[in-house]
Amino acid sequence: MQKSVVLSAVLFVSATMTAPVWAANGSTSEGVQMQAGPSREYPDVMRLAPNLKITIHGCARAWDWCDVEWRGNRGWVPAATVDYRMDDTLLPVSSYGSRVGLPQVDFNITAYWDSHYRQRPW
């Protein structure tokens, strides 16, 4: 009886857990403006230089924008300016993102801004 209770608890926890946080190593292929959302219509976060090592948190379903992080600054950049780092090889995310298994993410402005831009003036 006790084994079935433990197994039920494990199954319940597994079924109700959210997906694990996933991130990949990346690099900027050129200088690019990081935006607060997946469009140039969102406020500027900062300018990223070419060849910076960044963390890729995921890309939009159309593979046109990616959610990235550099030194604690989080934002969105065009996928065409991001490379996935696989050892010493750089693969353009806009071409290889789905092939290497980068996650596709949805953008929820309220949740994203609340998590990353609470102290920003916009």
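Predicted model: local features only at pLDDT ≥ 70, side-chain atom pairs only at ≥ 80, totals over all residues.

What pattern does the protein chain follow when read along the sequence?

Modeller: Residues are numbered from 1 along each chain as its sequence is written, and side-chain values use heavy atoms, with hydrogens and water left out.

Read along the sequence, the protein chain follows the pattern α-β-β-β-β-β-β-β-β-α-α, which comes to 3 helices and 8 strands (DSSP runs numbered from the N terminus, helices being H or I of at least four residues and strands E of at least two). Among contacts (heavy atoms within 4.5 Å) between residues at least 6 apart in sequence, 57% join residues at least 24 apart.

Aspartate 67 is found in strand β5, and with a relative accessible area of 4% it is classed as buried. Leaving aside neighbours within four places in sequence, aspartate 67 is in contact with Thr55, Ile56, His57, Gly58, Arg74, Gly75, Trp76 and Tyr112. Two of these partners can be described through their side chains. With arginine 74, aspartate 67 forms a salt bridge at 2.7 Å, N to O (a side-chain nitrogen of Lys or Arg within 4 Å of a carboxyl oxygen of Asp or Glu), and arginine 74 is buried, as aspartate 67 is. With tyrosine 112, the side chain of aspartate 67 makes a polar contact of 2.6 Å (N or O atoms within 3.5 Å, one able to donate a hydrogen and the other to accept it, residues adjacent in sequence counting only if both atoms are side-chain atoms).

Aspartate 67, arginine 74 and tyrosine 112 also come together in the largest pocket, where they are among the residues closest to its centre, along with Val105 and Asp106. This pocket holds about 300 Å³ of space and is lined by 16 residues. A pocket here is an open set of points on a 1 Å grid where a 1.4 Å probe fits, with protein on both sides within 12 Å along at least five of seven lines, and lining residues have an atom within 4 Å of a point; its volume is the space filled by probe spheres set on the points. The elements that give two or more residues to the lining are β6 (73-78) and α3, and α3 supplies the largest share, 4 residues. By type, the lining divides into 8 nonpolar, 5 polar and 3 charged residues (Asp, Glu, Lys and Arg are charged, Ala, Val, Leu, Ile, Met, Phe, Trp, Tyr, Cys and Pro nonpolar, the others polar).

Aspartate 106, one of those residues closest to the pocket centre, has a side-chain salt bridge of its own, to arginine 61 at 3.0 Å, N to O. That pair links distant parts of the chain, with arginine 61 in the loop between β4 (53-59) and β5, and aspartate 106, 45 residues away, in the loop between α2 (93-96) and α3 (109-116). Aspartate 106 has a relative accessibility of 60% and therefore counts as exposed, whereas aspartate 67 is buried. The structure holds 3 salt bridges, and one of them joins aspartate 114 to arginine 118, with the closest N and O atoms 2.6 Å apart. Aspartate 114 is partly exposed at 44% relative accessibility, while arginine 118 is exposed at 56%.

Back in strand β5, which spans residues 65-70, lies glutamate 69, a residue that counts as partly exposed because its relative accessibility is 26%. Apart from neighbours within four places in sequence, glutamate 69 is in contact with Ile54, Thr55, His57 and Arg74; Thr55, His57 and Arg74 are also listed among the contacts of aspartate 67. With histidine 57, the side chain of glutamate 69 makes a polar contact of 2.8 Å. Glutamate 69 and alanine 23 lie 9.6 Å apart, C-alpha to C-alpha, across a sequence separation of 46 residues.

Key: Buried < 20%, exposed > 50% of the residue type's maximum accessible area, 1.4 Å probe, protein only.
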